[in-house]
Amino acid sequence: MTVDDVKSCCDVNHAEHESFEEQSDRWDKLGIFLSSLCAIHCLVTPLLIMTLPVLGGVFEQEWVHISMALFVVPVGLFAFWSGYKHHRQPKVFGLGVLGLLMVGGASVAPHSWVEFFEHDLVTIFGSIFLIIAHVLNRRACLCHRH
């Protein structure tokens, strides 16, 4: 790969590319962790409700969902936007935004709007979309891969 090939692969200043990759990688890893935590929360809460009524009631509270969204959404926005500026892949960016809208929207919408069969499927699928989008974003931000 020549210097001209490297310069044309994205809009990132390649003198600072290593720093960009480290920062992007860190934000995507944090996003993967937070999105996974959100999905696990939604999958485990019904079990907690059945086995531990006191803890299950706490985890099902609206403030828990809003608190998680307050971390997941800004981290995701930063990771996906900075990644998109680098790799220019609208499908990766779109999947991330869809996941953020699902998680963020489900956290503030009344439960009756987003619950299906007593499970927060909107949040679970939103979290899965976020995990996939963060992984794809990390891969796309490695300049030799696009």
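## Helix α5, end to end

The expected span of a helix is 1.5 Å times one less than its number of residues. Keep that in mind for helix α5 of this predicted model: with 19 residues, numbered 90–108, α5 reaches 26 Å from its first C-alpha to its last, close to the 27 Å expected.

Which residues of α5 are buried? They are Val 92, Gly 96, Gly 99, Leu 100, Met 102, Val 103, Gly 104, Ala 106 and Ser 107. Two of these names, Leu 100 and Val 103, come back below as members of the largest nonpolar core.

Helix α7 covers residues 121–140, which makes 20 residues. From first C-alpha to last, α7 reaches 28 Å, close to the 28 Å expected at 1.5 Å a residue. Its buried residues are Val 122, Thr 123, Ile 124, Gly 126, Ser 127, Leu 130, Ala 133, His 134, Asn 137 and Ala 140.

Now for the surface. Phe 125, Ile 128, Ile 132 and Leu 136 form a nonpolar patch there, and together they have about 320 Å² of accessible area. Phe 125 is found in helix α7. Its relative accessibility is 43%, so Phe 125 counts as partly exposed.

## Aromatic pairs

A pair of aromatic rings is described by the distance of the centres and the angle of the planes. The structure holds four such aromatic pairs. In one of them, Trp 81 and Phe 93, the ring centres lie 5.8 Å apart and the planes stand at 65 degrees; planes over 60 degrees apart count as edge-to-face, so this pair is edge-to-face. Trp 81 lies in helix α4 (residues 62–87) and Phe 93 in helix α5, so the pair ties together parts that are twelve residues apart in sequence.

Note on methods: Residues are numbered from 1 along each chain as its sequence is written. This is a predicted model: local features need pLDDT of at least 70, side-chain atom pairs count only at pLDDT 80 or more; totals for chains, interfaces and linings use all residues. Side-chain values use heavy atoms; hydrogens and water are left out. Helices (H or I, at least four residues) and strands (E, at least two) are DSSP runs, numbered from the N terminus. Buried means under 20% relative accessible area, exposed over 50%, partly exposed in between (1.4 Å probe, protein chains only). Patches are made of residues with over 30% relative accessible area and no salt bridge: like charges are joined within 9 Å, nonpolar side chains (Val, Leu, Ile, Met, Phe, Trp, Tyr) within 5 Å. Accessible areas come from the Shrake-Rupley method with a 1.4 Å probe; for residues, only the protein chains shown count as cover. A salt bridge is a side-chain nitrogen of Lys or Arg within 4 Å of a carboxyl oxygen of Asp or Glu. Rings of Phe, Tyr and Trp (its six-membered ring) pair if their centres lie within 6.5 Å; planes under 30 degrees apart count as stacked, over 60 as edge-to-face and the rest as tilted. A nonpolar core is a set of buried Ala, Val, Leu, Ile, Met, Phe, Trp, Tyr and Cys residues joined through side-chain atoms within 4.5 Å.
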